[in-house]
Amino acid sequence: MCGILGVVARAPVNQLLYDGLLVLQHRGQDAAGIATSEGQTFHMHKGGGLVRDVFHTRNMRALTGNMGIAHCRYPTAGSPSSTAEAQPFYVNSPFGIVLGHNGNLTNSESLKQEMFRQDLRHINTNSDSEVLLNVLAHELQEASTNYKLDPQIIFTAVANVHRRCRGAYAVVAMIAGYGLLAFRDPYGIRPLVIGRIDTGNGYEYLVASESVALDTLGFQIVRDVAPGEAVFIDEDGNFYSRQCAGKTSLNPCIFEYVYLARPDSLMDGVSVYETRLHMGEQLAAKIRTQYSHLDIDVVIPIPDSSRPSAMQLALNLGLSYREGFVKNRYIGRTFIMPGQRERKKSVRQKLNAIAMEFKGKNVLLVDDSIVRGTTSHEIVMMARESGANRVFFASAAPPVRFPNVYGIDMPTRQELIANGRSNEEIAREIGADALIYQDLDALKAAVREANPRLTEFETSCFDGNYITGDVTREYLDSVENHRNCAGGESPEEEPSTQLDLGLVETD
């Protein structure tokens with residue numbers, strides 16, 4: 001996942017974009033970048049690290065203009081630590097374009113070959129975002145008349161991008177001398193929301209990955225960008241939109257609601273906080289019917305994402321809720337850290353147990369999900385070292401048994417603790433006396449309860465159903481091989497069980 005922003009305003013936008021990136025920092029800590037437009041000229045600064053470390057006063061002063069885009073990167077493809085892959089990306093032919101992308105193209109390698117052999121374009125990094133930028137630039141060239149653009153020509157180009165690209169993508173881009181373009185893949189996997197503010201002299205527009213960026217910057221939510229839709233705002237603030245894909249369906253990534261998004265965001269008409277409350281209710285119902293024999297004294301969340309679920313679970317079961325861990329907020333989210341050793345080492349730097357909440361008690365720990373199991377194992381050990389009699393573990397999400405290829409960094413099957421293991425085996429691996437997983441149908445019901453109009457979701461990491469229809473065993477093997485060859489760490493311990501890919505075939 002990554003965080004993206006795009007704004008067209010009546011005043012300089014550099015501070016708006018910086019503040020927006022700070023709000024979206026949870027979506028990517030690897031790199032950050034801002035590009036602004038001043039007439040025919042782009043100004044850009046980007047680099048590796050947190051937003052506050054990338055931008056200084058001298059950089060901000062150089063980012064002049066009333067239109068701009070911004071990006072914070074979480075590596076999912078390419079070289080995980082390569083500053084060269086910080087976004088936005090820029091291309092100068094035939095139109096000056098800068099682009100920021102959240103998601104992952106599943107056919108980037110074949111597109112790269114097409115770019116080189118047919119479109120005569122060179123891709124200089126391993127990033128699929130650079131591929132996407134060049135596809136857009138080529139299609140704009142093909143659709144334009146005498147190298148002139150208008151909204152309908154731009155939308156025709158986006159339609160051709162949809163025709164060529166596969167996977168998940170939410171995009172913001174600026175076209176020099178024209179305006180701001182934003183679009184979303186035909187399945188609506190990655191989020192994108194539109195906001196505006198009435199200045200009294202016309203509207204200013206902001207598009208962002210999450211509504212929390214709109215809230216904090218003073219914009220009113222208008223709506224989400226629809227799957228397959230493109231919106232274009234010209235330099236004068238005129239707003240245009242068009243459906244650019246022939247076949248669309250809304251399938252938001254359900255992991256956004258479980259973990260990725262901030263709880264104060266609205267995405268596709270759904271309150272993330274509300275869905276997490278409902279997840280706790282669903283877990284409580286399962287414990288009441290299937291695990292009533294567990295003698296639970298206290299419910300303790302793993303900060304921070306699981307707090308709403310844990311509170312609601314405790315309330316529904318009439319159990320005590322306590323804060324048992326203190327989080328060091330100066331340590332990055334372990335899920336985002338691109339290396340098994342870094343993740344394992346940082347767990348105890350990140351969390352410290354309050355011993356009095358554990359001593360002599362049967363404790364139910366609640367987390368949002370279990371992906372690799374590294375954090376879960378260390379946390380169970382911390383609970384036992386703090387004097388807990390028994391340690392039970394509940395996950396607000398189902399078992400993560402399959403790789404995600406749509407923009408979340410868990411592509412390697414060997415990293416997934418649930419792949420090829422039963423629940424009992426997973427419980428032994430993390431050291432818990434009992435393990436309770438959310439059921440997938442219950443998770444879907446928790447989100448639908450917040451917005452009944454949502455009927456389908458992207459749930460491939462739980463059920464192996466890759467909705468774009470182009471993900472094969474060979475593709476997953478190639479992703480893993482690329483990661484290993486690029487220097488990605490292998491797990492410290494190989495699973496003792498046979499790995500099961502178990503792909504669900506789609507049309």
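Which side chains meet in a salt bridge at 2.4 Å, N to O? They are those of D304 and R307, a salt bridge being a side-chain nitrogen of Lys or Arg within 4 Å of a carboxyl oxygen of Asp or Glu. D304 is partly exposed at 25% relative accessibility, and R307 is partly exposed at 23%; buried denotes under 20% relative accessible area, exposed over 50%, and partly exposed the range in between, with a 1.4 Å probe and protein chains only. The model is predicted: local features need pLDDT of at least 70, side-chain atom pairs count only at pLDDT 80 or more, and totals for chains, interfaces and linings use all residues. Residues are numbered from 1 along each chain as its sequence is written, and side-chain values use heavy atoms, with hydrogens and water left out.

Seven strands form an open sheet with antiparallel pairing, in the order β3-β2-β4-β1-β10-β9-β11. Strands (E, at least two residues) and helices (H or I, at least four) are DSSP runs numbered from the N terminus, and two strands pair if DSSP finds at least two bridges between them. At the edges stand β3 (41-48) and β11 (220-224); each has a single partner strand, so one side of each is left without a neighbour in the sheet. On average, neighbouring strands are turned by 15° against each other, direction ignored; axes are lines fitted to C-alpha atoms, for helices over the stretch in contact, and angles run from 0 to 180 degrees between N-to-C directions.

Within this sheet, β1 (residues 3-8) pairs with β4 (residues 67-73) in the antiparallel sense over six bridges, and G3 stands opposite C72 in β4. Helix α1 (residues 14-23) packs on the sheet and touches β1, β2 and β4, its direction making about 160° with that of β2. Strand β2 (residues 31-38) contains S37, which is buried with a relative accessible area of 4%. Beyond its neighbours within four places in sequence, S37 is in contact (heavy atoms within 4.5 Å) with F42, T64, G65, N66, M67, M174 and E235.

The nonpolar interior comes next. A nonpolar core is a set of buried Ala, Val, Leu, Ile, Met, Phe, Trp, Tyr and Cys residues joined through side-chain atoms within 4.5 Å. The largest such core has 55 residues, and F255, Y257, L313, L364, I436 and F462 have the most contacts inside it. Helix α8 (residues 254-260) supplies the largest share of this core, six residues. Another core, of 33 residues, lies apart from it and includes A137, L149, A157 and A173.

Charged side chains complete the account. The whole structure holds 22 salt bridges. In one of them, the side chains of R164 and E114 meet at 2.9 Å, N to O. R164 lies in helix α6 (residues 151-164) and E114 in helix α4 (residues 108-117), so the pair ties together parts that are 50 residues apart in sequence. R164 is buried, at 11% relative accessible area, whereas E114 is partly exposed, at 26%. A salt bridge of 2.9 Å, N to O, also joins the side chains of D439 and K286. Because D439 lies in the loop between β22 (434-437) and α14 (440-450) and K286 in helix α9 (residues 272-290), this pair ties together parts that are 153 residues apart in sequence. D439 is partly exposed at 37%, while K286 is buried at 11%. Finally, R27, R190, E210 and E256 are linked in a network of salt bridges.
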